[in-house]
Every structure is written in structure tokens, then in C-alpha cells.
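Got the viewer open and a selection tool handy? Let's walk through this one stop at a time.

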Amino acid sequence: MGNAVAIIGTGQTRHGRRSDACYPDLVREAVTAALEDAGITLADIDGVVLGTMPSMMEGVSSTHFYFAEALGSVGKPVLKVETCGSTGQSIGHCGFFWVASGMADIVLVVGSEKMSEGDGQATMTTVFDPFFQRTFAAGAPGVFTMQSMEWMYRFGIPEEKGREAAALISVSNHDNAMDNPHAHIRMRVTMDEVKNARVITYPVRLLDVCPASDGACAVVFASQKAVRKSGRKPAWIRGLGFRGEEFFYGESDKAVWMSATEAAGEAYRQAGIRDPLKELDVAEVYNPFTYQEMIFYECFGFCPRGEAPDYVLRGTFLKGGELPCCPSGGTLCTNPIGATGLIRMAEAALQVTGKAGERQVEGAKLALSHAMGGVDQFNGITIVGSTL
Amino acid sequence: MKRVAITHVAQSSGAESRESLMDFTYRVNKEILDKAGLRREEVGCIIAGSADVFHSGLSCANAFDWDGIGAFLKEGSRAEESAFSFIYGCMRILSGRYDTVLVTALVKGSENPDNDPVTGFYGDPFYLRPAGLNESVVAALQMRQYMERRGVTEEQCAKVAVKNLGNALFNPYADRKRRVSLEDVMNSERRYDPLKALECAPKSDGVVSVLLASEKRAKKLTKKPVWLQGYGSSMDHFHPGDRDLLNGRLPEAAKRAYAMAGIGNPRKEIDVAEVCEPYAFQELLWCEQLGFCGEGKGGTWIDSGASRMDGALPVNASGGVLATNPYPARGLYRIVEAALQLKGEAGEHQVGKPVRTALAHSTHGFGGQCHSVVILSA
């Protein structure tokens, strides 16, 4: 159905606190790395897609202007696509459709964020409407914790068990980040350290929460013709889905999260996946909070509803488990928001092309990548494979 | 190659609306779905066109937009400028994966600060913003250069406002409705010398929708599909000082669109144009760069009356952006007005001549920093 599209190159910055680089420099760093990886030059690019978080986060509006030179997009067609935290997936989807439409052969997609120069939590509070929700919104942790509590209560998950599983997710993500040279937080943590860390919003503690990172990611999308010409090993786009739900937080059920469930369902249909736990080789789930990662596992059909903590504690999602999740260390260890969803996609592409280095999952052929955004409102999924 | 058509359009008035943005959006979206006889569940995908914070008071505009555009649990996305949203919607159809895509752009300018402080945030906080640059300031610099270097007169620039505001009187959706004379424009307050108040666009409300469909589906949905024939876009450098404000990227964007549409002589082959002119003189400059008249001939071109509603190549029969300026949605308004002309459904502002090919143009940023050109045909 339609033209096939593949990722032929990815580039990431060294993520973290990057006071050595100005914001456009950061973008350029990722662009240069992606072009090098794809073995092409800016002249080969037919179009550029950019996405970041909202202007409040950047301190500049319409960042495609600010980054014009860094993107190499002067004199080129540009599309600016943004959907909040899910931006990284949405810009990837746009890159896919641009090539799939036949209007371009090679499209460069770039996501970025320099969180150290803004106030992330204040910005996220302005995603809420100014009349009803904003006055009690406490940035991201408030919302995600509410959701986690709702989920544990709904499925009768004992607090102890939830805590134990969340701590294991933190420990394993931190371990994985040690293998990823791009990761922001690179340190080992113990179960006890996670469980005794400072409370952020109960029961979520400091080590259950992602950092605020500076970073950028660039991905090169190519048509079949361009893939052949490049000689690069392609990561074919096998399925994509994006779903959003109501703006007002209280109007939808966040424990049985429809946007996450249906976005994955759509991507699975396109990729012909029936049993994701068996068929997927690796997943890069957008996990800024440990507890929330378990909700995603359930929504994506990796395990039955309410049973994610059991699967986690059994080691299903660890490196060497049945479905390794976030071998990169995930969002939990690196979160430059506008780039994060695209980093998930880039990591999935690296896995299925065997280029993930120390964090490679042996023989990975089919990988899921994901991002979430809005007030727990949007979910985007892309599935990439080593074959079409 | 596959084809994509606009099957239906709907738009709100540009005047201040008493509805909340969500209701405002819903109303126009419902109208277009009713016209097409579709339920939102039957639409393949929905793309929003909207800008955040400074144009809406909210970060991540898509979060708020989602309910009103009917996208609950539907495939969708958002692009920041509405011409971007339009072409992204077209790409989704051309990919063969969707038969119908609804594109809706929305903004309530009446609830937000003036465009000058808002567009000031295009500049970086270190060099450009402290200098006080905004869209109007750069436009004033551009107009001064246009007059000095190309010999176009201030009166010729003012004539664009007289023409477009005159056209707007026939458009029920126009925001600024006022018959003005050349004298009125010339005597209106000097905002940013040489720009005068009536030469600057207002700040408007606006929700505008197009329903896109694949060739097969379009023929079932409507008797009058409007086909996408060409698209071209290009972006300029960030620093105004790095740019030649009179030699920007529009010729490049137009060239791409004309090449895709197979247009060799735009002056002859284009029947009607909707050009994004937030400042009166820009219509003349853009028309030169679109190839409607020679370089530096914008002034004599407006004098000739060619761009009037009854002229050889009517430009902004709708009244254009000078009459209605819902900033992030204004590009899609141009596309919708071009489509109405092609369908012969523009009502009192339908141009006299037969319309087979139409051009819609959108620009945003300082002095035409980014341009998109869309070619449509009946």
C-alpha cells in the first residue's frame, strides 16, 4: 500500500547539560551526524521537518526560523510539525508521509530541546487551559502521578508491588544508559536508592523521574530509490499510529489509556503484528516516569491489564528478557523533550540495522518506538523492521 | 502520480467571535462534515493548523485543538502554519494510505495580544528582539527599500489597500469592512514609517477547513473537485541582515510550484490569485516575484487595474489578509478562497472571468521569511 519508506541515517548529540553549545549549535550537531551516517550531504535533502516543544520552552517562537542555518534548510521546503511531548514521533510520521507521497526522495527530520535554558515544568503547566486546570496543575509529575495512582487502584495492584517493579525499571534503565554514549544520566543506582530517594509527588521519587536534558536528534527518511542509491542498511517503516483524546484530563480513562492502546493497535495492523510480546524484538517506550512505563506495557499489549508489575519483576523487559525495553536507557535517563520521541525512533532504527553498539539487542529485526504528549493526551507509535 | 482534491471548504467570519475557541472550531468543522455528508468517524485523518502560546495563550496548541477539530481517538497531527497543514494533509492522501483528510486551521486573535509583540518572538532574545524587530518593523524597512530601489511610489502601495478593502465589502466573511479612498489610506496614522495603519492587516479570528480526498473518493463526494496541481515552498535566512529583503525566496517557491503544475507562463495561465499581503506593498512585491509582472513593475501593474476583481488577473478578490488576518490560519483562507473561485461559489466576490487555474500563497515570518505557493485547478 503506497510507497515504501526507510530510515537510512540517524544522528544524536551528546545529551545532557550542554552549556558549551548554543541552541542552533545543538541542532547542527545532530544534523551533521545524521548526514554522515546516511552518507549524504545537505544538497541531497529535498525537504526538512522540524519540531520542538512550544515557544515557552524555547524562548523563541517558530523555531524553524531560528534554526534555518543549523538545519541547512535555507532555500528548502520546510514543514514545522508539533504535538507536544509526542512531537518526536509526529515529525517522524511527517517525514514518512512526505517521502511516501512521492513529493520527496530524501527528507531530513529534526527534533531538539535545550531544557537547561528554559523552565520545563512552568511551560508544561501552560499546556493546561488558563481557567479550570492550570491553577492546580503541577507540571508533569502531578499529572503522571495521578495517572499512576489511578492505574494501581483500578487493578488492585498492591503499593509494595508497584513500588518494587518501578524501582526495578529505574535500576535497569540506569544500567542500560551506561551502554549508551549519548545518554544524559549515566550512573548506576540500586533498588534501595530508588526506593529511598526524595519524594517528588508520592509515590513517585526522584529516581523514578527523567532529567531535563539538552539535546537534538536528526533522522533521514528515504524512498526505495534513495535507499538503493545510498547503499546504507535501511530500517523500513512498517507501521505507524497516532491517537489523541480529550483536552480535559478528567474526561478520559487514563488507567485503560485509549490513545496509547489505539495508536499501538493501528501500528500493529499496518505491520501485521498479532502478538507484540512474541513478534517484537525490542521496544523503545517513552518512559519519563517509571510507573507510567508499566501502563504503556499494558496498552501496547505486552501483557494483560493490571499485570505489568508481575511481568516486570519476572524480567520480561530486561536486556536478555523476552522483550527488552529501552536498551538505550530510555527517556528516564535522557529527555530533551522535542527530540525524545525521535530519539526513540532513531534507537529503534539502530537496533534493526545492527548499529546500536554496546546497547545492541542481538539479532533485533522488528522494533517499536513510541512517544507520549499533551496532558496525558497523545500517543504516537512507529514500528521499524530490517525487512520491508 | 496520484491526485488529491479539495472536495469541500468551510470558513468562519474573521470578525471577533463570542464563542469559545473550542465551540468556534467545532461549528466550522461540523459545517464542512455536513456539507460532505460525512461523520467525523468516516474521515481518514485530521490535521490541525495552529500556533501555540503567543497566538492562543496555551502551549502545545494541538492539546486544546483536538476536541474541536473532531480528532478524538483519530489519526492526526498538527502543523504550525496552515499552508503547512494543507500540504501535509495532501501528502497523507498522496501516500495512498488515506482517502479523506480534514485540515482545519484555527485562531482567536481577539483573545491575544497584537501581532507586533507576538511576532517579535520570531527574533532571538539576544540580538533581534532587543532591537525591537517585529513583522511590521521589518515590513517597513522592506517597503522603504522597495520604493527606493524599485521606484514604486507610496500612492501605488496604498492603492492595494483601496482595492482589497473594496473587495472585502463583497465578502461576507471579511473582518475589516470599510470603503476607503486613496486619501483615507495616505492620511491614516503612520505606524512604522512609511507604513500606514490602513496598509497593515488587522488581527482577526478565524476557523477554516478543507476536506481533501483521493481522486476516486473526490469524484464520489462532489461534482466540483478542486485539484492540487503544484506546491512549492522555500525558507530564507534567520537574520534580516543576512537577507536581501527584495530578493527573497518567493521566486524559488513559485518556480517549484509552477514546475510541478507544468506552468510556463504564470501571467497567462493563472486566472486568479489569493496572495498573502499583511502589508499593502507586499502584494505588489509578491506579484512581481510570482511572475505576474516584471521586476519593479508592481506599481504600474496596480495602476493598470489588472489585479482588480474585473481585471486580467484578479488578486485577492476576497479582500485578502488586509481585510482578514487570522495569522496562523490565513494561508488556508487563501487556499479556500482560491478553491471557491474555481468552484464558482465565491458569491458576490466571484470574479467575472472564467477560472480554471488559481494560485494561493502564504507567508509568515519577517518580510516573507518563508513562502508557500499552491496551484489549484478546476
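**First stop: a methionine in chain A**

Select A:Met57 and show what surrounds it: leaving out residues up to four places away in sequence, A:Met57 touches A:Glu113, A:Gly118, A:Gly120 and A:Thr123. Touching, or being in contact, is when the C-beta atoms of two residues, placed from the backbone, lie within 7 Å. Before you go on, note that this is a predicted model, where local features need pLDDT of at least 70 and side-chain atom pairs count only at pLDDT 80 or more, while totals for chains, interfaces and linings use all residues. Residues are numbered from 1 along each chain as its sequence is written, and chains are lettered from A and ligands numbered from 1 in the order in which they are written.

A:Met57 sits in helix 2 of chain A. (Helices, H or I with at least four residues, and strands, E with at least two, are DSSP runs numbered from the N terminus.) Is A:Met57 buried or exposed? It is buried, because 26 other C-beta atoms lie within 10 Å. The cut-offs: buried takes 20 or more other C-beta atoms within 10 Å of the residue's own, exposed 12 or fewer, and partly exposed is in between, with C-beta atoms placed from the backbone.

**Where the chains meet**

Now colour by chain. Here 56 residues of chain A are in contact with 46 residues of chain B. Several elements of chain A supply at least two residues each to that side, including helix 2 (55-58), strand 8 (235-244) and helix 11 (258-271). Select helix 5 of chain A next: it gives the largest share, six residues.

**Two cis prolines**

Zoom to A:Tyr202 and A:Pro203, which are joined by a cis peptide bond with omega about 5°. A:Pro203 is in the loop between strand 5 (199-201) and strand 6 (204-205) of chain A. Then jump to chain B, where a cis peptide bond links B:Asp193 and B:Pro194, with omega about 5°. Look for B:Pro194 in the loop between strand 5 (190-192) and strand 6 (195-196) of chain B.

**Positive phi in chain B**

Which loop holds B:Cys60? The one between strand 2 (45-49) and helix 2 (61-68) of chain B. Phi of B:Cys60 is near 50°, a positive value in a residue other than glycine. B:Cys60 counts as buried because it has 31 C-beta neighbours inside 10 Å.

B:Asn316 is not a glycine, yet has a positive phi of about 55°. Find B:Asn316 in the loop between helix 12 (298-304) and helix 13 (320-323) of chain B.

**Last stop: the sheet of chain B**

Switch to cartoon. Chain B has 14 helices and eleven strands. Nine strands form an open sheet with mixed pairing, in the order 3-2-4-7-1-8-11-10-9 (chain B). Two strands pair if DSSP finds at least two bridges between them. At the edges, pairing on one side only, are strand 3 (76-79) and strand 9 (272-274) of chain B.

Pick out strand 10 (residues 357-364) and strand 11 (residues 370-377) of chain B: they run antiparallel, joined by eight bridges. In strand 11 of chain B, B:Leu376 is the bridge partner of B:Ala358. Finish with helix 3 (residues 82-94) of chain B, which packs on the sheet and touches several strands, among them strand 1 (4-11) and strand 4 (100-108) of chain B. The direction of helix 3 makes about 170° with that of strand 4 of chain B, using lines fitted to C-alpha atoms (for helices over the stretch in contact) and angles from 0 to 180 degrees between N-to-C directions.
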